[in-house]
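Let's take a walk through a protein model together, one piece at a time. Keep the picture beside you as you read.

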Amino acid sequence: MGRWKVSWTEQEVEKLKLLAGTMPLSLIAKELDRTTGAVLAKATAEKLPIIVHTRSGRA
């Protein structure tokens with residue numbers, strides 16, 4: 001299966017800005033229909049806060 005980059009729309013970036021810091025990374029990814037890696041990379045590029053939960057419950 002091929003992998004390719006899908007550009008972020010202005011609407012997606014705005015939604016990411018609204019959700020960042022208010023809900024966990026995995027939920028934002030589901031909301032935006034993106035992978036957690038893509039969301040984390042974009043949030044980092046935009047210097048947005050991201051809540052990351054690990055299986056142990058510690059961030």
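**A lysine to start from**

Lys-15 has a relative accessible area of 33%, so it counts as partly exposed (buried means under 20% relative accessible area, exposed over 50%, and partly exposed in between, using a 1.4 Å probe and protein chains only). You'll find Lys-15 in helix H1.

Before going further, a word on what you're looking at. This is a predicted model, where local features need pLDDT of at least 70 and side-chain atom pairs count only at pLDDT 80 or more, while totals for chains, interfaces and linings use all residues. Residues are numbered from 1 along each chain as its sequence is written, and side-chain values use heavy atoms, with hydrogens and water left out.

Now back to our lysine. Which residues does Lys-15 touch, leaving aside those up to four places away in sequence? They are Glu-31 and Leu-32, where a contact means heavy atoms within 4.5 Å. With Glu-31 there is also a salt bridge, at 3.0 Å from N to O. (A salt bridge is a side-chain nitrogen of Lys or Arg within 4 Å of a carboxyl oxygen of Asp or Glu.) This pair links distant parts of the chain, since Lys-15 is in helix H1 and Glu-31 in helix H2, 16 residues apart. As for Glu-31, its relative accessibility is 44%, so Glu-31 counts as partly exposed.

**Zooming out**

Let's step back to the whole chain. It holds 3 helices and 0 strands, and reading along the sequence gives the pattern α-α-α. Here, helices (H or I, at least four residues) and strands (E, at least two) are DSSP runs, numbered from the N terminus. Of the chain's 59 residues, 25% count as buried. The chain exposes about 4,800 Å², and carbon and sulfur atoms supply 55% of that; these areas come from the Shrake-Rupley method with a 1.4 Å probe, and for residues, only the protein chains shown count as cover. What about links along the sequence? Take the contacts between residues at least 6 apart in sequence: 52% of them join residues at least 24 apart.

Next, look at Lys-17 and Glu-46, which form a salt bridge whose closest N and O atoms are 3.9 Å apart. Lys-17 is in helix H1 and Glu-46 is in the segment after H3, 29 residues apart. Lys-17 is partly exposed at 39% relative accessibility, and Glu-46 is partly exposed at 30%. Salt bridges that share partners join Lys-17, Lys-42 and Glu-46 into one network.

**Where two helices cross**

Now follow H2 and H3. Their axes come within 9 Å and cross at roughly 105°. The axes are lines fitted to C-alpha atoms, for helices over the stretch in contact, and angles run from 0 to 180 degrees between N-to-C directions. H2 and H3 are therefore roughly perpendicular to each other (angles under 35 degrees count as roughly parallel, over 145 as roughly antiparallel, 65 to 115 as roughly perpendicular and the rest as oblique). On the H2 side, the contact is made by Leu-25, Ser-26, Ile-28, Ala-29 and Leu-32, and on the H3 side by Thr-36, Val-39 and Leu-40. Sorted by type, the residues of this contact are 6 nonpolar, 2 polar and no charged. (Ala, Val, Leu, Ile, Met, Phe, Trp, Tyr, Cys and Pro count as nonpolar, Asp, Glu, Lys and Arg as charged, and the others, Gly among them, as polar.)

Most residues other than glycine have a negative phi. Asp-33 has a positive phi of about 55° although it is not a glycine. Asp-33 is in the loop between H2 and H3 and counts as exposed, at 72% relative accessibility. Lys-47 also has a positive phi, near 55°. Lys-47 lies in the segment after H3 and is exposed, with a relative accessible area of 75%.
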